[in-house]
Amino acid sequence: MDEKKFGLIGYPLGHTKSPDIHKRLMESSRVFGAYSVYEIKPENLGSEKSQKKLESLDGYNVTIPHKTAIIPLLDKLDKKAALFGAVNTVKNENGRSTGYNTDCEGFLRALRGAGIKLGGRVLVLGSGGVSRMFAFESVLHGADVTIAARNAASALAIKKELKEKTKKDCRIITLSTVGGEYDLIINGTPVGMFPNVDESPLPREIVEKAGAVFDAVYNPEETLLLKYAREAGVKGVNGLSMLVWQAAVAEEIWNGVKFDNAIVDGIIKQL
């Protein structure tokens, strides 16, 4: 049996957990494959050399800054990738490349695995790419969404895109004016990430009233935001589960395998 070849493209990549995660996922599903890292500068993404390399792979993941730039180079887009205008997974099959977005499904499965329902009043913190995805998935699941961000222009751009693509609306507020109670708080900002571990995007009194908290940050495993939640008895989960789940969904696309909570939870504990 020939070894399948997979990889991650981005620039710069530095330290990434992806090779370790995919190695463990392939071992658990008995897929004979290798996963490598390929740093490709933005100006070289469309070059003949880069294209040949990507075409030689059975599939690959895409990270910053290529998630949007890769789209014109692909033959086809999955519905969610087209909706979000961002690709993080590509499958090469029969000479054709298809782009997918597994961040969204990774997020949903991470919530499901933690026993957190996506719905009700949802507060999304931030207006970057991942916060945009959180806002889209939340409104698609019928949530009443508020986006709290420092960058009003990018938050308003999300609001406009939500209306155009889903016919649904959301509220825009600044991070400094967050108040009230929410069924779910979702942090899509880097606030609280190492080395700034003593920072939280929200004050304790807001977190204590939440139904649940999801923090996309996973270094440290318990951010100050999640510490506030734990101390108040509020259910919380970090971004590591989303990271592993989005990789698991990519493996399902590439190799036709399936993963359950037990396998993913076991990998999370090993990281």
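Predicted model: local features only at pLDDT ≥ 70, side-chain atom pairs only at ≥ 80, totals over all residues.
1. Secondary structure and overall size. The protein contains 10 helices and 12 strands. Its radius of gyration is 19 Å, close to the 18 Å that the globule rule gives for 271 residues, so the protein is as compact as a globular protein of that length. Along the principal axes, the C-alpha atoms fill a box of roughly 55 × 40 × 35 Å.

2. Of the 271 residues in the protein, 49% are buried. Among contacts with a separation of 6 or more, 66% are between residues 24 or more positions apart.

3. Helix α9. This helix covers residues 240-255, which is 16 residues. From its first C-alpha to its last, α9 reaches 22 Å, close to the 22 Å expected at 1.5 Å a residue. With buried taken as under 20% relative accessible area, 16 of the 16 residues of α9 are buried, so the helix is largely enclosed by the rest of the structure. An α-helix has 3.6 residues a turn, so residues three or four places apart point the same way.

4. The end of α9. Which residue takes a positive phi just after α9? The residue is G256, with a phi of about 65 degrees.

Conventions. Residues numbered from 1 in each chain as written. Heavy atoms only, no water. Helix = DSSP H or I, 4+ residues; strand = E, 2+ residues; numbered from the N terminus. Rg over C-alpha atoms; globule rule 2.2 N^0.38 Å. Buried < 20%, exposed > 50% of the residue type's maximum accessible area, 1.4 Å probe, protein only. Contact = heavy atoms within 4.5 Å. Expected span 1.5 Å × (residues − 1).
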